[in-house]
Amino acid sequence: MAPQSFTWLGNIEFLGLRRLLKEGSQVNIPLKRPFPNSYDNKLGPGMVWVKISTLKQSAQKVIRYAKRLPDKSPNLFLKELNKVRKSVLHYGFSDMLEVLCKLLEREINNANKEILEKCIAQMRTETDPLKIIKI
């Protein structure tokens with residue numbers, strides 16, 4: 001194997017631990033900057049569900065917004081729904097998506113019927129996580 005076989009690694013001579021570098025020295029290593037810790041991490045990969053309780057909280061938040069749909073702006077509901085849907089599809093939890101659809105069906109009333117039915121229909125048919133649900 002030639003020393004320059006992995007061009008994406010850069011120069012092999014520079015491989016090593018970052019903590020071993022002297023402060024202020026020139027870094028020629030291609031590094032990915034860590035994401036800042038934030039609740040609204042727009043730059044990050046998406047939601048992280050470390051515990052089952054956080055997954056449950058995310059679903060409850062969507063249901064809570066669905067209950068308040070006629071009074072509150074649908075934008076908050078759609079934002080949360082798309083965030084959870086995107087994460088569910090990326091993780092491969094297709095069963096969770098169906099459970100979320102059934103929970104949303106329970107919350108349908110005369111005031112929010114049109115919005116929720118459109119969202120549920122789109123959630124069941126659209127499998128591309130990059131496409132957002134619209135009203």
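Reader: What is the accessible surface of the protein chain, and what share of it belongs to carbon and sulfur atoms?
Author: The model is a predicted one. In it, the accessible surface of the protein chain comes to about 10400 Å². The share that belongs to carbon and sulfur atoms is 55%.

Reader: What percentage of the residues of the protein chain count as buried?
Author: A residue is buried when its relative accessible area is under 20%. The protein chain has 135 residues, and the part that counts as buried is 26%.

Reader: Which elements give two or more residues to the largest nonpolar core?
Author: The largest nonpolar core has 24 residues. Among those with the most contacts inside it are Val62, Phe77, Leu100 and Cys119. The elements that give two or more residues to this core are helix 1 (52-67), helix 2 (74-91), helix 3 (94-106) and helix 4 (113-125).

Reader: Which residues does Cys119 touch, not counting residues up to four places away in sequence?
Author: Cys119 is one of the residues with the most contacts inside the largest nonpolar core. Leaving out residues up to four places away in sequence, Cys119 touches Phe77, Leu78, Leu81 and Ile133.

Reader: Is Asn82 buried or exposed?
Author: Asn82 lies in helix 2. Beyond its neighbours within four places in sequence, Asn82 is in contact with Ile132 and Ile133. The relative accessible area of Asn82 is 14%, under the 20% cut-off, so Asn82 is buried.

Definitions and conventions
Residues numbered from 1 in each chain as written. Predicted model: local features only at pLDDT ≥ 70, side-chain atom pairs only at ≥ 80, totals over all residues. Heavy atoms only, no water. Buried < 20%, exposed > 50% of the residue type's maximum accessible area, 1.4 Å probe, protein only. Areas by Shrake-Rupley, 256 points an atom, 1.4 Å probe, with all protein chains shown as cover. Core = buried A, V, L, I, M, F, W, Y, C linked by side-chain atoms within 4.5 Å. Helix = DSSP H or I, 4+ residues; strand = E, 2+ residues; numbered from the N terminus. Contact = heavy atoms within 4.5 Å.
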